[in-house]
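Me: I would like to learn how to read a model like this one, feature by feature. Could you take me through it, giving the general idea before each case?

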Amino acid sequence: MERLIVHGGYIVNLLQIEIFVKVVDMGNFTRAGEILAMTQSGISHNISSLESELGITLLNRGRNGISLTDSGERIIKHMRNILTEAESIKQETASILGIQNGKINIGSFSSFSSKLLPTIISRFRGEFKGIEIKMAAMIK
């Protein structure tokens with residue numbers, strides 16, 4: 001497990017940070033769990049562990065989902081930066097090793113996605129095997 005030592009000797013790991021950011025982005029634990037292929041219980045446990053290690057509450061939990069606490073608001077941008085830097089390290093390492101690596105997120109209208117993108121993506125994957133492609137359909 002990848003670990004990161006933060007102020008005061010607290011140990012958090014990149015997975016906990018990724019889970020925290022995904023929960024915030026999705027607005028609840030269940031949707032974050034679906035995307036990360038984890039149970040809601042696993043998501044909740046990781047968030048609680050992160051909060052415990054840091055000694056602060058990051059999320060308000062309620063019937064209508066979650067919201068960031070004041071502490072969470074202050075921390076989220078740093079968590080996003082950590083994930084960005086971790087991805088940069090992975091990509092730079094892959095580059096040094098001569099491996100093409102990375103992620104592309106594509107947002108598209110369903111009509112375009114179903115007609116043109118499959119061929120384009122198939123060709124792209126054939127040439128750039130280390131590039132992860134994520135699709136998001138846009139509603140018109």
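Reply: Gladly, and let's begin with burial. A residue is called buried under 20% relative accessible area, exposed over 50%, and partly exposed in between, using a 1.4 Å probe and protein chains only. By that scale arginine 80, at 33% relative accessibility, is partly exposed. Please keep in mind that this is a predicted model, in which local features need pLDDT of at least 70 and side-chain atom pairs count only at pLDDT 80 or more, while totals for chains, interfaces and linings use all residues. Residues are numbered from 1 along each chain as its sequence is written, and side-chain values use heavy atoms, leaving out hydrogens and water.

Me: How many helices and strands does the chain have?

Reply: Helices (H or I, at least four residues) and strands (E, at least two) are DSSP runs numbered from the N terminus. Here there are six helices and six strands. Read from the N terminus, their order is β-β-α-α-α-β-β-α-β-α-α-β. Of the chain's 140 residues, 29% count as buried.

Me: How many salt bridges does a search of the whole structure find?

Reply: In general, side chains of opposite charge can pair when their charged atoms come close. The test is a side-chain nitrogen of Lys or Arg within 4 Å of a carboxyl oxygen of Asp or Glu. The search finds two such salt bridges. In one of them, the side chains of aspartate 25 and arginine 80 meet with an N to O distance of 2.7 Å. Aspartate 25 belongs to helix H1 and arginine 80 to helix H4, so this pair ties together parts that are 55 residues apart in sequence. Aspartate 25 is partly exposed, at 40% relative accessibility.

Me: Which residue forms a salt bridge with glutamate 51?

Reply: Glutamate 51 pairs with arginine 61, their closest N and O atoms lying 2.8 Å apart. This pair links distant parts of the chain, with glutamate 51 in helix H3 and arginine 61 in strand E3 (residues 59–62), 10 residues apart. Glutamate 51 counts as buried at 11% relative accessibility, whereas arginine 61 counts as partly exposed at 41%.

Me: At roughly what angle do the axes of helix H2 and helix H3 cross?

Reply: Axes are lines fitted to C-alpha atoms, for helices over the stretch in contact, and angles between N-to-C directions run from 0 to 180 degrees. The axes of H2 (residues 29–36) and H3 (residues 40–54) cross at roughly 105 degrees and come within 8 Å. H2 is therefore roughly perpendicular to H3; that label covers 65 to 115 degrees, while under 35 is roughly parallel, over 145 roughly antiparallel and the rest oblique. For the residues involved, contact means heavy atoms within 4.5 Å. Phe29, Thr30, Ala32, Gly33 and Leu36 of H2 meet Gln40, Ile43, Ser44 and Ile47 of H3.

Me: Is glutamine 16 buried or exposed?

Reply: Glutamine 16, found in helix H1 (residues 14–26), is buried at 7% relative accessibility. Leaving out residues up to four places away in sequence, glutamine 16 touches Asn46, Ser49 and Leu50. Asparagine 46, in helix H3, is buried too, with a relative accessible area of 14%. With its neighbours within four places set aside, asparagine 46 contacts Gln16, Ile19 and Met38.

Me: Which residues does lysine 103 touch, not counting residues up to four places away in sequence?

Reply: Lysine 103 lies in strand E5 and touches Glu87, Gln91 and Glu132. Lysine 103 is partly exposed, with a relative accessible area of 47%. The C-alpha atoms of lysine 103 and lysine 134 are separated by 7.6 Å, although these residues are 31 apart along the chain. Across the chain, 49% of contacts between residues at least 6 apart in sequence join residues at least 24 apart.
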